[in-house]
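I opened a new page for this one. Here is what I looked up, in the order I went.

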Amino acid sequence: MKKGYLSVLINGLLKENPVFVLVLGTCPTLAMTDSATKAFGMGIAAAIVLICSNMVISALRKIIPDTVRIPCYIVVIAGFVTIVQMAMQAYMPDMYKSLGTYLALIVVNCIILGRAEMFARENGIFRSALDGIGMGLGFTIALLSMATVREILGAGSFFGIAIPFMKNYTIPFFTQAPGGFFVFGCLIAVVNVITKGKAIKKKEFGCEGCPSYAVCHVEKIAKEEQ
Amino acid sequence: MNKYVKSVTVLFSICLVIALLLAAVNFITAPIIEEAKKKAETESLSTVLEGAEDFEKYDLTDGVPETVTAIYKETSGLGYAITLSTKSQYSEDNMLITVGIGADRIIKGIKITNYTESKALPESYTQSYVGKDSNLENIDTYAGVTYSSRAYKDAISDAFAGLDTVLEGEKEAN
């Protein structure tokens, strides 16, 4: 049974949050959350790419043959990432510099390819756009919440603005890689507590939940038949 | 066969549309990016040549020392800004220097833009070059940072040599 529009939209916020529940896009999550500004920039950039690519892939879903669907998705996603990159370099050069190579790496972000494969190729344009908005917002919120903890505790500032009483009590561990993993783990635990561990059905963690399931599954059957 | 033709056609068409879209976005953003880069470059060069408004880049001719990476002329005739890159000592990263030389051939300002050696060159030493001409009189290496200060001094000398070479070439061309 198909979910309602509101359900599609809010799914990505908590129930199927791409970072804390699906545990996708971990690389930019850990790298870009030492500052709230970077986290916000990365979240918005990924959300724009996600919404646009979801809509285009959904619109072309009946035209794209199954055999070349992954290259087609990658071309579409890479196109939108390059557009975002060029626009950011022209109009937000400081943000462009701070995101560095991670901006280009949105192309291989599992969330975007995953949503194309799991949602956009089976749903209409409007639903896919809603899914993109929900997942994009979920990703941005996850990054911001992680960055808030890490920047306040690790650098004594928020969005680059120093917090007077925190400045002398910073814990640099939080801005470093181990601190990122620590906060990531804690926030996953918090989400699990809030959702009582039922955020997503257990079976979706298996092969069926993987973006490459269809490709893998077909190969596996072919091997078995041989 | 038909299946393969369809796959190729669809993938090719998507690539074509995306390429056209990127070309259109590039057409809009490229001039803005170029202008922003030029502005940032001018601002960085202005720090060594006070009052500079705009710069023109010279083409580096044969004979310009390898240390010299770029030579710029201030358009109102205030002087020149030269960027240098030299190997300092232990670090794999080169020492990067920007030096401003006035039209009177006197050093107006110097800025080290990259320095990764463990022992720093004191600012009192690096700024002691300001006001000197190409002879760099009374300037020696700095004890304790001998290799880096020698590389620094040689690079500044190269800046003058490079500038002379470029200006001679310009004179001959005219």
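I'm working with a predicted model, where local features need pLDDT of at least 70 and side-chain atom pairs count only at pLDDT 80 or more, while totals for chains, interfaces and linings use all residues. Residues are numbered from 1 along each chain as its sequence is written, and chains are lettered from A and ligands numbered from 1 in the order in which they are written.

Entry: chain A overall. I found ten helices and two strands in chain A (DSSP runs numbered from the N terminus: H or I of at least four residues for helices, E of at least two for strands). Along the sequence they go α-α-α-α-α-α-α-α-β-β-α-α. Of its 226 residues, 42% count as buried (20 or more other C-beta atoms within 10 Å of a residue's own, with C-beta atoms placed from the backbone; 12 or fewer is exposed, in between partly exposed).

Entry: a helix pair. I looked at α3 (residues 36-59) and α4 (residues 69-91) of chain A, which pack at about 140° with axes 9 Å apart. That angle makes α3(A) oblique to α4(A), since under 35 degrees is roughly parallel, over 145 roughly antiparallel, 65 to 115 roughly perpendicular and the rest oblique. Which residues of α3(A) and α4(A) meet? Among them are Ala45(A), Ile48(A) and Cys52(A) from α3(A), and Tyr73(A), Phe80(A) and Met88(A) from α4(A) (contact is C-beta atoms, placed from the backbone, within 7 Å).

Entry: the sheet in chain B. I traced an open sheet of five strands, ordered β1-β2-β3-β4-β5, with antiparallel pairing (strands pair if DSSP finds at least two bridges between them). Its edge strands are β1 (55-57) and β5 of chain B, each pairing on one side only. The twist averages 20° from one strand to the next. Helix α3 (residues 146-173) of chain B packs on this sheet, touching β2 (68-74), β3 and β4, and its direction makes about 135° with that of β3(B).

Entry: β4(B) up close. Is strand β4 (residues 95-102) of chain B mostly covered or mostly open? Mostly covered, I noted: six of its eight residues are buried. Eight bridges join it to β3 (residues 79-86) of chain B, with Ala81(B) partnering Gly100(B). Toward β5 (residues 107-114) of chain B, β4(B) has six bridges; Val99(B) partners Ile110(B) there, and Thr98(B) stands opposite Lys111(B). In the hairpin of β4(B) and β5(B), with four residues between the strands, I found Arg105(B) at a positive phi near 65°.

Notes:
Axes fitted to C-alpha atoms, helices over the stretch in contact; angles between N-to-C directions. Contact = placed C-beta atoms within 7 Å.
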